[in-house]
Amino acid sequence: MPATTLHQLAALIGGRVVGDASLRISGIAPIREAAAGQITFLSNPRYVDELLSTRASAVILGPRHEGAEGPAHLARIITDDPYYGMSQVIRHFHDRPFQPTGISPLASIGQGVSMGREVSIHPFVVVGDRAVIGDRVTLAPGCYVGEDAVIGEESWLYPNVTVRERVRLGRRVIIHSGTVVGSDGFGYAFHQGEHRKIPQVGTVVIEDDVELGANVSVDRATLGQTVIGRGTKVDNLVQIAHNVTIGERSIIVAQAGISGSTTLGKGVVLAGQVGVVGHLTIGDGVRVGAQSGVAQNVPAGQDLSGSPAIAHRQWLAVQATLPLLPDIRRRLHRLEEDLHALQRQIERPRRAAKPGQAARRRAAKRSKRA
Amino acid sequence: MPATTLHQLAALIGGRVVGDASLRISGIAPIREAAAGQITFLSNPRYVDELLSTRASAVILGPRHEGAEGPAHLARIITDDPYYGMSQVIRHFHDRPFQPTGISPLASIGQGVSMGREVSIHPFVVVGDRAVIGDRVTLAPGCYVGEDAVIGEESWLYPNVTVRERVRLGRRVIIHSGTVVGSDGFGYAFHQGEHRKIPQVGTVVIEDDVELGANVSVDRATLGQTVIGRGTKVDNLVQIAHNVTIGERSIIVAQAGISGSTTLGKGVVLAGQVGVVGHLTIGDGVRVGAQSGVAQNVPAGQDLSGSPAIAHRQWLAVQATLPLLPDIRRRLHRLEEDLHALQRQIERPRRAAKPGQAARRRAAKRSKRA
Amino acid sequence: MPATTLHQLAALIGGRVVGDASLRISGIAPIREAAAGQITFLSNPRYVDELLSTRASAVILGPRHEGAEGPAHLARIITDDPYYGMSQVIRHFHDRPFQPTGISPLASIGQGVSMGREVSIHPFVVVGDRAVIGDRVTLAPGCYVGEDAVIGEESWLYPNVTVRERVRLGRRVIIHSGTVVGSDGFGYAFHQGEHRKIPQVGTVVIEDDVELGANVSVDRATLGQTVIGRGTKVDNLVQIAHNVTIGERSIIVAQAGISGSTTLGKGVVLAGQVGVVGHLTIGDGVRVGAQSGVAQNVPAGQDLSGSPAIAHRQWLAVQATLPLLPDIRRRLHRLEEDLHALQRQIERPRRAAKPGQAARRRAAKRSKRA
């Protein structure tokens with residue numbers, strides 16, 4: 001990749017140059033690691049102080065950081081979305097044209113397979129009978145595509161991915177290594193003292209532009225289908241149970257788990273290690289904080305945290321108070337003592353306690369476990 | 001599969017027909033997705049309202065929902081266990097006879113392997129030296145069976161399963177893709193500033209009728225064996241550490257983890273994302289709620305929740321109170337102020353505070369961090 | 001392996017014999033499972049009572065358990081570190097010399113690969129173009145090593161491991177089955193209503209003597225590298241996101257997850273199912289309790305627990321109080337009532353409530369939601 005001028009990069013990402021627009025840029029790197037001749041980027045304000053010591057020749061940043069302090073020589077591209085701009089510049093320097101490698105003689109292709117054009121089918125891939133492989137699909141080494149499965153065009157399966165029988169992937173789906181799509185749902189009927197397996201005869205539909213991380217599990221439906229909607233991105237080690245439906249453009253972060261028959265709306269965000277119980281409906285745009293457990297239906301647009309999850313704002317208040325709990329207990333105990341002392345003080349001179357009050361005081365004493 | 005009469009299906013599942021028993025049924029589908037000519041089922045009362053709009057011709061349901069409202073034409077099979085009945089009907093329509101495919105010429109079979117009859121050994125399978133493969137075993141593409149391992153008859157390993165050396169699987173064991181049985185336990189002795197690996201020379205025993213989900217990890221024992229008892233079912237992405245013993249007919253839901261040397265009894269249920277620390281004994285029939293953390297031995301029959309886990313009933317009470325914690329803190333603060341005001345009010349006219357009381361009041365004031 | 005005298009084993013582990021040093025020992029086994037002629041060990045005091053019923057002929061234990069009760073015939077080796085001693089004895093009885101099997105004709109080796117001496121490259125392994133495979137490396141069946149990747153000498157990849165392009169492993173690295181190193185980081189820029197993939201063009205560096213468990217995911221950096229430091233041990237099903245750096249000799253227990261761009265120091269311990277959010281710095285020697293969630297930078301040497309994590313000692317106090325929360329609420333309610341009663345009792349005779357006090361009392365009444 002030949003060097004590119006700052007002017008060209010600014011044009012690419014729709015930005016504006018501050019500094020020498022004829023500067024030649026050889027690549028992109030993080031603030032700390034960038035060398036002279038490279039461009040870097042600032043999208044997370046947390047790193048603004050690191051700009052001062054960067055060796056990069058230029059930086060991509062947003063309007064609000066346009067004047068951030070940096071070395072005198074540092075040229076700038078100002079753009080509304082520096083994160084997306086950074087992404088475009090990476091693509092500019094690193095994208096290589098797709099080069100199909102054809103069908104390896106070491107792959108095993110079943111009968112009646114419909115094979116697209118310009119595919120890359122690598123060694124030790126198995127494609128089951130009657131599967132449909134779209135144009136420009138890549139099946140990396142060790143991938144398995146079951147009978148009657150469909151892999152949409154330009155989809156890319158990294159090494160050792162398993163796509164079971166009848167599963168359907170849309171176009172431009174990316175699946176990372178170790179991921180399993182279409183394993184049996186976890187369903188048993190407890191009958192006469194044993195867990196009897198309920199046959200899982202449904203399937204999985206993965207829509208266009210979905211990406212699944214590494215070592216994800218997506219179970220096939222008991223009947224019907226498990227669905228991951230268009231443009232949804234799933235991180236590593238996520239569990240998606242049978243008959244789950246995830247709407248479009250959702251984000252499921254690593255190690256989250258969604259139990260059976262739950263439906264997520266569009267644009268839902270589950271942070272890392274979140275769990276959602278089964279048979280729920282989670283509305284559009286709901287966001288759930290890391291490690292939370294969702295146990296009830298959630299209307300659209302809510303932010304939740306905690307296990308069990310409550311409104312995020314309320315959760316923040318509870319979390320701020322929680323460390324004070326031992327102190328609260330001590331103060332409560334002291335109040336009980338002080339109040340009791342006061343009651344005695346008042347009653348003694350009057351010698352006229354209301355009936356029942358002494359009994360209540362004794363009960364209060366018994367309950368003082370602090 | 002030819003259509004079957006409602007009468008035949010009722011006989012199959014031990015149910016009773018309400019409606020036209022001669023109705024011909026072509027398949028089974030969920031309430032919302034079923035078409036005319038199909039049968040559906042109602043096992044979760046949550047979905048009873050959906051019956052009204054089903055297009056199914058018949059429904060399987062329990063005695064308590066016998067009269068549930070539905071379309072006029074809807075025939076019914078009443079049975080005590082509609083979930084199990086549904087399962088039998090799925091099997092009726094979908095089970096195909098086992099057809100062994102033999103040993104693929106693209107598989108790699110070691111020396112001295114004992115190979116059962118009617119096996120299906122698919123391409124790119126490796127079977128190590130001296131392994132024992134039972135009758136009617138299926139090893140799907142990409143599976144690895146290590147040296148001296150034993151795979152009991154009618155067991156089924158889905159694509160890309162790893163069974164390490166000397167591991168023993170019972171009969172009718174099902175293992176889903178990406179699962180690893182017999183990886184080294186996580187054991188190190190910290191010696192002279194380094195974590196020194198403790199050789200993990202034990203093994204794993206998986207008893208009859210166990211099912212392991214996708215991307216599960218079951219570590220081999222340091223010495224001795226890790227054991228999963230007969231009929232136990234393990235969901236996806238579960239961690240089972242070295243020297244764990246799980247009793248019969250237990251249920252381990254997705255993303256749960258059991259630490260080393262812990263013993264679970266029979267019929268234990270760990271819900272999703274539960275963690276159990278090492279060297280514990282969990283009694284028969286214990287049930288642990290989702291995302292809980294078990295850090296102590298648990299007697300048989302208990303229900304636990306929370307992290308650290310407490311009795312489920314107690315946990316419910318705590319969880320109901322937790323969102324009120326900020327309010328509790330405010331009320332406590334107000335009480336302290338009111339009580340203090342009252343103390344002053346009483347003492348002023350008397351001018352006879354008990355010795356030490358003023359000092360205590362000052363201390364209370366200092367502790368008021370609310 | 002021929003039998004070994006107790007004297008020889010004591011010399012091996014630097015211990016001292018109590019009993020018959022000429023005793024011949026045939027192997028090592030856990031306390032409950034050991035047979036006559038075998039040695040066992042006691043490192044966890046939890047099991048000291050089991051010594052009484054062991055059938056082992058000898059036991060390895062520490063000075064503080066030298067006099068632990070056991071059968072009369074039981075000989076002893078006393079050593080300062082019985083756990084490490086046990087480990088050495090296992091190695092003595094079980095280690096087999098490394099026997100390279102060469103390059104299987106069923107493996108697929110790319111162009112320009114630098115292949116070390118005495119390697120074991122098993123069937124259905126793929127080694128990409130220009131990869132560097134060190135001396136005495138083992139690549140078990142189904143492993144994938146991408147283009148330009150480097151596998152340091154004496155490293156061992158168990159079956160079905162995926163090491164993506166350009167990843168670099170140090171020497172003596174062990175990776176268990178199903179683990180993926182170098183999958184794309186989870187990075188998207190939300191632009192014009194869609195999550196646009198940010199190309200992940202960095203890599204992963206795994207330093208010497210690292211061990212990764214089964215079904216682990218280590219993502220490659222967006223730019224730069226994800227790093228796991230020398231001697232660090234990672235358990236099963238752990239998530240390590242893009243641009244994470246883990247220092248030397250750390251311990252990451254099963255199902256923990258570390259989010260993007262977070263840096264862990266040396267000797268950090270994350271217990272099982274811990275989550276750490278992104279862009280944090282966790283100091284040397286920090287230890288985090290099971291299921292905790294770390295959401296802030298942590299100075300060196302701290303012990304944390306909880307989600308969100310707080311100082312472990314403080315967390316213990318909170319956890320001890322938490323089950324009392326419903327009781328605290330009840331006591332608070334009673335106090336409010338009692339104080340109110342007292343206020344009325346005092347005010348009635350005087351008929352001279354301070355201005356505003358009555359209003360406050362009404363407000364207090366409104367807030368009594370208990």
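Helices (H or I, at least four residues) and strands (E, at least two) are DSSP runs, numbered from the N terminus. The structure is a predicted model, in which local features need pLDDT of at least 70 and side-chain atom pairs count only at pLDDT 80 or more, while totals for chains, interfaces and linings use all residues. Residues are numbered from 1 along each chain as its sequence is written, chains are lettered from A and ligands numbered from 1 in the order in which they are written, and side-chain values use heavy atoms, with hydrogens and water left out.

The model has an ipTM of 0.92 and a pTM of 0.93. Copies were superposed by least squares on the C-alpha atoms of residues with pLDDT of at least 70 in both. Chain A is superposed on chain C by a rotation of 120° with 0.0 Å of shift along its axis, at an RMSD of 0.1 Å. The two copies are therefore related as by a three-fold rotation axis. For chain A and chain B, a rotation of 120° with 0.0 Å of shift along its axis likewise gives an RMSD of 0.1 Å.

Contact (heavy atoms within 4.5 Å) between chain A and chain B takes 75 residues from chain A and 70 residues from chain B. The buried area, defined as the accessible area (1.4 Å probe) that two parts lose on being put together, summed over both, is about 5,900 Å² for this pair, with 60% of it on carbon and sulfur atoms. On the chain A side, Phe186(A), Leu223(A) and Arg331(A) lose the most area to chain B, together 12% of what that side buries.

Asn160(A) lies in the loop between β17 (156-157) and β18 (162-163) of chain A. A residue is termed buried under 20% relative accessible area, exposed over 50% and partly exposed in between (1.4 Å probe, protein chains only). Asn160(A) counts as buried because its relative accessibility is 8%. Beyond residues up to four places away in sequence, Asn160(A) touches residues including Cys143(A), Asn160(B) and Asn160(C). Its side chain is joined to that of Thr162(C) by a polar contact of 2.9 Å, that is, a pair of N or O atoms within 3.5 Å; within protein, one must be able to donate a hydrogen and the other to accept it, and residues adjacent in sequence count only if both atoms are side-chain atoms.

In chain C, Thr179(C) occupies the loop between β20 (174-175) and β21 (180-183). Thr179(C) counts as buried because its relative accessibility is 0%.
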